Amino acid sequence: MKINKFNSREIARYTFAIFVILLGVFFEYLRLGDKFLEFESVGSWLIYIGIVMIAVITIQFFNNRKRVVDERAIFIANKSTRIVFLTIILFAFLIMILDGIHPITMPYHLFMSWLICGLLIVYFISYKIISRFY
Amino acid sequence: MKTKITFYRNKLKITQEELADLVGVTRQTIISLEQGRYNPSLELANKITKVLKRKYIEEVFKI
């Protein structure tokens with residue numbers, strides 16, 4: 001059985017995940033923020049995110065699938081990024097108009113989390129569509 | 001861009017997977033190149049030409 005070795009990228013990712021957990025513990029200790037994204041506090045949310053990050057990194061580490069990032073993948077990723085950038089501009093324009101008509105009362109952290117999820121979906125879909133043409 | 005990758009690959013009895021491994025790209029990229037959907041960089045075109053044992057890039061890739 002082939003045993004994977006840690007590289008600098010994985011070490012950096014694990015370090016960041018541990019930092020997020022420690023930050024969560026620190027915030028929890030100081031009792032900063034409450035009711036954040038359906039969590040009891042910002043600290044508990046950060047701890048949850050840190051554990052999910054560690055789980056994802058570990059699954060990717062033990063997954064032996066060979067991952068090749070070639071020039072075509074980079075080319076498609078660049079095109080998708082451009083589409084995401086245009087989407088941000090159009091969405092911001094639309095939000096400005098909607099906010100003018102009827103003020104948006106959604107909390108900022110909730111709005112941003114929805115926005116990031118939306119952009120990731122746009123990126124994923126555009127990547128899949130563009131890869132069919134190139 | 002028209003290519004003769006399939007012709008020379010079949011001549012050398014190399015699969016798409018093997019060619020992809022030899023030049024360091026995915027099989028999907030080789031498929032795209034063979035179908036003329038993707039224009040490779042000069043570096044990749046040069047690598048493919050060498051793997052297919054051709055002297056000039058123009059023998060494999062035609063604009």
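## Helix H1 of chain A

In H1(A), the buried residues are Ala17(A), Val20(A) and Gly24(A). Here a residue is buried if 20 or more other C-beta atoms lie within 10 Å of its own, exposed if 12 or fewer, and partly exposed in between, with C-beta atoms placed from the backbone. Part of the cover over the buried residues of H1(A) comes from helix H2 (42-62) of chain A. Helices (H or I, at least four residues) and strands (E, at least two) are DSSP runs, numbered from the N terminus.

This is a predicted model, in which local features need pLDDT of at least 70, side-chain atom pairs count only at pLDDT 80 or more, and totals for chains, interfaces and linings use all residues. Residues are numbered from 1 along each chain as its sequence is written, while chains are lettered from A and ligands numbered from 1 in the order in which they are written.

How far apart are the end C-alpha atoms of helix H1 (residues 8-30) of chain A? They are 33 Å apart, which agrees with the 33 Å that its 23 residues should span at 1.5 Å a residue. The expected span of a helix is 1.5 Å times one less than its number of residues. After H1(A) comes Arg31(A), with a positive phi near 55°.

## Chain A as a whole

Chain A has four helices and zero strands, and its elements run α-α-α-α from the N terminus on. Its radius of gyration is 19 Å, well over the 14 Å that the globule rule gives for 134 residues, so chain A is more spread out than a compact globule. The radius is taken over C-alpha atoms, and the globule rule is 2.2 Å times the number of residues to the power 0.38. Along the principal axes, the C-alpha atoms of chain A fill a box of roughly 60 × 50 × 20 Å. Of the 134 residues in chain A, 10% are buried.

Helix H4 (residues 108-133) of chain A has 26 residues and reaches 37 Å from its first C-alpha to its last, close to the 38 Å expected at 1.5 Å a residue. Is H4(A) largely in the open or largely buried? The number of buried residues among its 26 is one, so H4(A) lies largely in the open.

## Chain B as a whole

Chain B has five helices and two strands, in the order β-α-α-α-α-α-β along the sequence. Its radius of gyration is 10 Å, close to the 11 Å that the globule rule gives for 63 residues, so chain B is as compact as a globular protein of that length. The C-alpha trace of chain B spans about 25 × 20 × 20 Å along its principal axes. Buried residues account for 27% of the 63 residues in chain B.

The average pLDDT of chain B is 91, and 100% of the residues score at least 70; pLDDT is the predictor's confidence in each residue, from 0 to 100.

## The nonpolar cores

Which residues make up the largest nonpolar core? Its 12 residues are Ile5(B), Leu19(B), Ala20(B), Val23(B), Val25(B), Ile30(B), Leu33(B), Tyr38(B), Ile48(B), Leu52(B), Val60(B) and Phe61(B). Such a core is a set of buried Ala, Val, Leu, Ile, Met, Phe, Trp, Tyr and Cys residues joined through C-beta atoms within 7 Å. Helix H2 (16-23) and helix H3 (27-34) of chain B each supply at least two residues of this core, and H2(B) gives the most, with three residues.

A second, separate core has six residues, among them Ala17(A), Val20(A), Trp45(A) and Ile47(A). In soluble globular proteins, nonpolar side chains tend to be buried together.

## Two lysines in loops

Lys13(B) is not a glycine, yet its phi is positive, about 55°. Lys13(B) sits in the loop between helix H1 (5-12) and H2 of chain B, and is exposed, with 7 other C-beta atoms within 10 Å.

Lys53(B), also not a glycine, has a positive phi of about 55°. Lys53(B) is in the loop between helix H4 (42-51) and helix H5 (57-60) of chain B. With 9 C-beta neighbours inside 10 Å, Lys53(B) counts as exposed.

## Where the chains meet

How many residues of chain B are in contact with chain A? Nine residues of chain B are in contact with six residues of chain A, where contact means that the C-beta atoms of two residues, placed from the backbone, lie within 7 Å. The side of chain B that touches chain A has three nonpolar, five polar and one charged residue. Ala, Val, Leu, Ile, Met, Phe, Trp, Tyr, Cys and Pro count as nonpolar, Asp, Glu, Lys and Arg as charged, and the others, Gly among them, as polar. The model scores ipTM 0.85 and pTM 0.77.
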